[in-house]
Amino acid sequence: VFQSHEEDDRKVRRREKNRVAAQRSRKKQTQKADKLHEEYESLEQENTSLKREIGKLTDEMKHLSEVLKDHEKICPLLHCTMNFVTVPRPDALASCLPR
Amino acid sequence: ISVGQILPANRNTPSPIDPETIQVPVGYEPDPADLALSSIPGQEMFDPRKRKFSEEELKPQPMIKKARKVFIPDDLKDDKYWARRRKNNMAAKRSRDARRLKENQIAIRASFLEKENSALRQEVADLRKELGKCKNVLAKYEARHGPL
């Protein structure tokens, strides 16, 4: 009878230990997942904002190259036949056109 | 047009910038073992490039009130009981598998985004540099010869 009490005692202790360990493990798992989700969300936001900025910058480049192209057609320095001073190389401006 | 007004506020652009359409080459090959763990056999292979995860999916799982464990003596463990146990065990397994799969998918996509963001940042730097050079040339021209 004494022995069976001992065994029960041991069982109870073991079960409690396992319960606590399981609880710890579950908590660790949720924390890990929460951290991942947080990082993921910040990556998505950064991703969107970077793409938006690339869009803005490319638009600006397009606009700028258009302006330059239009100017090339009427640039007094390029078209004036009576101009004896050194003409600025057209490549200086045109080299800015997008790749 | 002066250099400062390269981009007038009221420009008439035909279409707003849609971040979705912007693509940058990203050399990313996920570990095929990880990919396998993130894909459901019956369905399409998981693609980190396309699959986004909404806020809803990222919310921590709602805590369902769990019924307290009531001890059942062996003689009451009839067939009905075991049928119920089996059903619940299967459901629990499905739930665990689904959760594991989801977490793997999110991890792969996060890793892909890291690579993509780094490529995007490079693109932004390149564009800024390019733009700077053009504006510089333009400014020099305009300094000598007035506005375009």
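Helices here are DSSP runs of H or I at least four residues long, and strands are runs of E at least two long. With that in hand, welcome to a predicted model.

**Stop 1: chain A.** Select chain A and colour it by secondary structure: you will find 3 helices and 0 strands, arranged along the sequence as α-α-α. Of its 99 residues, 24% are buried.

**Stop 2: the annotated stretch.** Next, select residues 8–71 of chain A, which an unreviewed UniProt entry annotates as "domain: BZIP". This range is 100% helix and 0% strand, with its end C-alpha atoms 94 Å apart.

**Stop 3: a helix in chain B.** Move on to α3 of chain B, residues 79–145. How far apart should its ends be? The 67 residues of α3(B), at 1.5 Å a residue, should span 99 Å, and the 96 Å between its end C-alpha atoms agrees with this.

**Stop 4: the largest pocket.** Finally, show the largest pocket, with a volume of about 2,100 Å³. To centre your view, pick Arg26(A), Gln29(A), Lys66(B), Arg96(B) and Arg99(B), the closest to the pocket centre of the 39 lining residues. Two elements each give two or more residues to this lining: α1 (2–74) of chain A and α3 (79–145) of chain B. The largest share, 15 residues, comes from α1(A). Colour the lining by class and you will see 18 charged, 11 nonpolar and 10 polar residues.

Terms used:
Residues are numbered from 1 along each chain as its sequence is written. Chains are lettered from A and ligands numbered from 1 in the order in which they are written. This is a predicted model: local features need pLDDT of at least 70, side-chain atom pairs count only at pLDDT 80 or more; totals for chains, interfaces and linings use all residues. Side-chain values use heavy atoms; hydrogens and water are left out. UniProt positions are given in the numbering used here, feature names are shortened, and annotations may be inferred rather than shown by experiment. On a 1 Å grid over the protein atoms alone, a cavity is a set of points where a 1.4 Å probe fits but cannot get out, and a pocket is an open set with protein on both sides within 12 Å along at least five of seven lines; lining residues have an atom within 4 Å of a point. Grid points are joined across faces, edges and corners, and a volume is the space filled by probe spheres set on the points. Ala, Val, Leu, Ile, Met, Phe, Trp, Tyr, Cys and Pro count as nonpolar, Asp, Glu, Lys and Arg as charged, and the others, Gly among them, as polar. The expected span of a helix is 1.5 Å times one less than its number of residues. Buried means under 20% relative accessible area, exposed over 50%, partly exposed in between (1.4 Å probe, protein chains only).
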